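The following paragraphs lead through a protein structure, from the whole chain to a single residue. Please keep the sequence and the structure in view while reading.

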Amino acid sequence: MIDNTLTSVFIEQGVITGKELDAALAMRTDVAEDIGEFLVRLQMISERDRVRCVGIQHGIQFVELSGPEMDAEIAKLIPHAMALRYKAIAVDRTQDVIKVAMANPLDVQAIDDIAQATGLEPIPLIAVEDDILEAIFHCFGAAGDISDIIVEAIKDADAEVKIREDEPEESDSNVAELKDLAGGAPVVRLVNAMIARAIAERASDIHIEPEAGRMRVRLRVDGILHEVMTVPKDLQSPVISRIKVMAGMDVAERRAPQDGRITLVARPQEYDFRISTYPAVHGENVVVRVLEKSAAQITLDKLGLGSKVAEDFARMTHAPYGMILACGPTGAGKTTSLYAALNTINSPERHIITIEDPVEYQLPGVVQANVNRKAGLTFATGLRTMVRQDPDVILVGEIRDSETAEIAVEAALTGHLVLSTLHANDSSGAAARLIDMGVEPFLVASSVVGLLSQRLVRTICTRCATQFVVTDELLSQLKLDISASELSGAMKGAGCEQCGRTGYKGRMGIYELLKMDDDIRAAIIARSSAAAIRQIAMNKGMMTLRQDALEKVKQGLTTIEEVMRVTTE
């Protein structure tokens with residue numbers, strides 16, 4: 001077996017001992033997970049050692065990459081879009097041969113495509129994926145060849161194809177011309193380049209925003225928007241039309257909002273793109289939500305929950321009935337947490353059914369449905385029907401109104417485990433929110449099992465992390481009730497190519513879990529304030545969002561600036 005061969009290489013290279021490997025294998029529950037990736041996740045080996053040993057296993061040379069030392073002319077022998085798609089970069093050339101550092105040097109299709117694009121014989125080498133991406137960004141620049149694509153698209157665009165904003169209806173001829181233009185190779189390449197750039201930079205959203213004399217494109221990376229390119233006004237309609245064609249939307253409809261969806265396979269990942277258009281003053285504003293389907297397989301142990309919170313939350317998800325609510329603003333990772341809970345309890349013995357708006361990730365073994373208001377399927381009507389489908393577990397995308405809240409509570413009280421999200425500032429405020437929606441306090445107290453409040457903070461880039469000395473003066477200014485000595489492990493990202501000079505790469509959750517007990521139920525029935533409920537929970541050991549965030553500062557995972565940006569007291 002490959003796993004056995006790879007593990008023997010690990011031992012031969014001194015990466016891990018046989019005893020350590022046996023201990024790791026004893027903890028392994030998912031045999032489908034690559035053993036090397038499993039050991040990296042456990043932090044028992046480094047990613048560099050894993051990749052190096054995979055190279056030894058397959059007889060492929062391992063190469064260390066350094067962006068500043070790369071030869072950009074050689075790197076550009078492989079087109080930028082292809083380099084990003086296959087995570088491959090040319091590092092050397094001799095006559096008719098080109099040496100290519102690849103994240104997956106066994107990808108025959110990638111090697112064939114590189115050979116066709118370059119006219120040279122590729123010799124695959126293996127390198128760390130993050131190093132390859134950093135080298136690509138260094139050699140091609142921030143925008144790569146996108147500027148060339150834009151110039152080409154402008155030349156290709158027919159200046160006469162204009163659809164006036166004041167026309168009451170689109171003519172068939174204009175729509176046909178616009179569709180033809182949207183299907184032109186340069187426009188297709190430009191839209192593909194936007195999508196490839198978003199995937200490469202781990203963006204969660206693409207914002208395409210028409211302005212008076214240009215169209216601005218921004219990416220939301222780790223929760224923060226960054227402008228990445230400006231597209232000439234002449235390309236606004238073709239680009240937006242191309243996206244609408246891909247998403248199966250009505251190209252002629254420009255005065256009403258529309259929603260669509262695109263699925264893209266970019267080996268080895270598969271992505272869904274949720275498209276939303278909004279008619280604005282200078283044209284249709286488009287936001288594309290990027291969803292990586294593998295994120296649906298996340299489990300509770302990967303959420304970043306503290307050990308005690310993880311133990312308590314896992315126990316709640318195995319309750320036979322009751323309601324668990326994930327609270328927080330939009331984009332706080334609530335749905336991901338609930339999907340992780342479903343993955344934990346999903347088994348052939350349980351019937352799990354969901355109603356979502358829309359379904360973000362498809363889970364095997366789970367019956368999922370989208371809200372469809374035109375057909376009369378709302379959260380409330382869907383939930384009412386779901387109860388008659390003999391479910392064990394119900395997931396409601398969001399509790400937005402009193403009708404949905406009342407049906408969810410009723411389902412939780414009649415033998416179903418109900419998972420849902422709720423917009424509330426913190427866990428203690430969620431109970432008050434349900435009461436404000438018209439649910440009787442005694443029903444809230446009886447049905448709710450636990451309330452999980454969460455936010456996402458940016459994590460420090462591991463490549464450029466440096467020690468950060470926290471002073472008592474700084475903590476006093478920020479009004480943080482903690483001493484500098486407790487934060488001796490604090491770190492800060494200096495900024496490098498890999499993190500786009502931000503000092504951050506990736507995000508993790510911070511959590512606050514309120515467990516229901518007799519004292520909190522009594523406070524809810526007495527209609528006590530959220531502050532009073534919160535104080536009772538804290539007296540019983542509940543860690544607040546800010547306290548959890550500061551714990552992650554102590555561990556060198558995030559910064560004090562992120563704590564102050566994301567949390568309040």
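The chain contains 23 helices and 18 strands; these are DSSP runs numbered from the N terminus, with helices (H or I) of at least four residues and strands (E) of at least two. The model is predicted: local features need pLDDT of at least 70 and side-chain atom pairs count only at pLDDT 80 or more, whereas totals for chains, interfaces and linings use all residues. Residues are numbered from 1 along each chain as its sequence is written, and side-chain values use heavy atoms, leaving out hydrogens and water.

Of the 569 residues in the chain, 50% are buried, meaning under 20% relative accessible area with a 1.4 Å probe and protein chains only. In soluble globular proteins, nonpolar side chains tend to be buried together. The largest nonpolar core here has 40 residues, and Met323, Ile399, Leu434 and Ile524 have the most contacts inside it. Such a core is a set of buried Ala, Val, Leu, Ile, Met, Phe, Trp, Tyr and Cys residues joined through side-chain atoms within 4.5 Å. Helix H16 (residues 402-413) supplies the largest share of this core, 6 residues. A second, separate core of 31 residues includes Val63, Met102, Leu133 and Phe137.

Aspartate 312 lies in helix H13 (residues 307-317). Is this residue buried or exposed? Aspartate 312 is buried, its relative accessible area being 6%. Leaving aside residues up to four places away in sequence, aspartate 312 touches Leu513 and Lys515, where contact means heavy atoms within 4.5 Å. The C-alpha atoms of aspartate 312 and glycine 450 are 9.2 Å apart, although 138 residues separate them along the chain.
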